[in-house]
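Hi,

Here is the structure I promised to send over.

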Amino acid sequence: MGSKQIHLIGAGSLGLQAADILLAAGQQGEILAYDDNTSLHSSELLPGVFIQGGIDLVGKLDPGSMVAIAIADTAVRQRIYSNLRQKGYKFPNVVHPAAVISKFAHIGFGNIIFPGVVIDPAATVGNFVVLNKNSSVGHNAILEDFITITPNCTLTCPVDSGVFIGMGARLLPGSRVGENSIIGAGAVVNKPIPANVIAIGVPAKIKEKGMIK
Ligand SMILES: CC(C)(COP(=O)(O)OP(=O)(O)OC[C@H]1O[C@@H](n2cnc3c(N)ncnc32)[C@H](O)[C@@H]1OP(=O)(O)O)[C@@H](O)C(=O)NCCC(=O)NCCS
C-alpha cells in the first residue's frame, strides 16, 4: 500500500481485519475509519486508526480519495458503493502480503483479501469481494461482485453477485451459485444453486424455510 490516506468504511470485525491487513501490507498514510455505530465514534479501531464518525462523512471527501468498504453484509456493501460510485474516489484492493495471487488471475477493485488466500491463474475475482483467510479460488472460478467468502472455503465454480458463503464450504467443479444466495457453513455444493435461496448440507440442498426475497 502507499503513503496516501485511506478512508475505511466499517469499524466492526471486518473493518478491524481490513485495518490490520492495510498495516501488514505497509500502509504508511493515515487510516481513517467510519461507522454509523455512534458508540464507536472517537475511539481507536487499532492503535493510530481513529473512528472519525458516520459513513455520511465519506461522501464529502475530495475526488481521488482512497476508500475501502469493509462491511460484511453484501447488500449493504453494494448500497454504500452505489452512493459513492459517482464521486471520483479510488477503491484499492486491500491485500494481505501472505495471500498468494497468481499474476495470471484477473482481479477487479475494492476487494479485501486475507492471509492464506490462494487465487489460481485464470481465476476471476470481480469487485468488492471479501475473501477471508485460507480460502482458495480455483482456475475455473469466476467470482462476480459484492461476494463474501468466509474462512476456509474452496471455490471451483462460478459465483454470482451478492452471494455469502459460510465457513468451510466447498463448491465443486460444474456447480454454480446464483445471485444473492447463501451457502451454509460446511456445505458441499455439487449442483447449480439458484438465485436468492439458502442452501445447506452435504451435498447442499435448498432449505425449504428461510428463502430470501
Ligand atoms: C445457513 C445459515 C445461514 C442458516 O441460518 P438460519 O436460517 O438462521 O438457520 P437456523 O440457525 O434457524 O437453522 C435452521 C436449521 O438448519 C440447520 N442448519 C443451519 N445451518 C446449517 C449448516 N451450515 N449446515 C447444516 N445444517 C444447518 C439447523 O441445525 C436447523 O436445523 P433444525 O431445523 O433441524 O433444528 C447459517 O446456519 C450458516 O451456516 N451461516 C454461516 C455462518 C458463517 O460461516 N459465518 C462466517 C463467520 S466469519
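Which residues does G29 touch, not counting residues up to four places away in sequence? They are G2, S3, K4, Q5 and I6; touching, or being in contact, means that the C-beta atoms of two residues, placed from the backbone, lie within 7 Å.

Before I go on, two notes on how to read this. It is a predicted model, so local features need pLDDT of at least 70 and side-chain atom pairs count only at pLDDT 80 or more, while totals for chains, interfaces and linings use all residues. Residues are numbered from 1 along each chain as its sequence is written.

Back to G29: you will find it in the loop between α1 and β2 (31-34). Helices (H or I, at least four residues) and strands (E, at least two) are DSSP runs, numbered from the N terminus. G29 counts as partly exposed, with 13 other C-beta atoms within 10 Å. The cut-offs there are 20 or more other C-beta atoms within 10 Å of a residue's own for buried, 12 or fewer for exposed, and partly exposed in between, with C-beta atoms placed from the backbone. From G29 to V163 there are 134 residues in sequence and 32 Å in space, C-alpha to C-alpha.

Now the two domains. The protein chain splits into domain 1 (6-92) and domain 2 (94-203), with bounds that come from an automatic or database domain assignment. Taken over C-alpha atoms, their centres are 23 Å apart. Where they meet, 18 residues of domain 1 are in contact with 15 residues of domain 2. On the domain 1 side, α1 (13-24), β5 (66-69) and α2 (74-84) each supply at least two of the touching residues, and α1 gives the most, with six. That side of domain 1 divides into 14 nonpolar, three polar and one charged.

A nonpolar core here is a set of buried Ala, Val, Leu, Ile, Met, Phe, Trp, Tyr and Cys residues joined through C-beta atoms within 7 Å. The largest one has 64 residues, of which L8, I9 and A18 touch the most other members. Again α1 gives the most, with five residues. Domain 1 and domain 2 both give residues to this core, so it lies between them. Leaving out residues up to four places away in sequence, A18 touches L8, A68, A70, V94 and I112.

Which residues of α2 are buried? T74, R77, I80 and Y81 are. They sit on the same side of α2, because they cover an arc of only 125° around the axis; the arc is that of the directions from the helix axis to the C-beta atoms. An α-helix has 3.6 residues a turn, so residues three or four places apart point the same way. Among what covers the buried residues of α2 are β1 (6-9), β5, β15 (148-149) and β17 (164-165).

Then the ligand. Twelve residues are around it, and T150, G166, M167, G184 and A185 come nearest; a residue is near a molecule if its C-beta atom, placed from the backbone, lies within 6 Å of it. The shell is made up of six nonpolar, six polar and no charged residues.

- V202 to P203 is a cis peptide bond, with omega near -10°, and P203 is in the loop between β21 (198-200) and β22 (205-206).
- A122 has a positive phi, near 75°, without being a glycine; A122 is in the loop between β10 (118-119) and β11 (124-125).
- N134 is not a glycine but has a positive phi of about 60°, and N134 is in the loop between β12 (130-131) and β13 (136-137).

Last, one more loop residue: E179, between β18 (170-171) and β19 (182-183). The C-alpha atoms of E179 and S161 are separated by 5.0 Å, though 18 residues apart along the chain. Beyond its neighbours within four places in sequence, E179 is in contact with D160, S161, G162, A195 and N196.

Cheers

Methods. Nonpolar A, V, L, I, M, F, W, Y, C, P; charged D, E, K, R; others polar.
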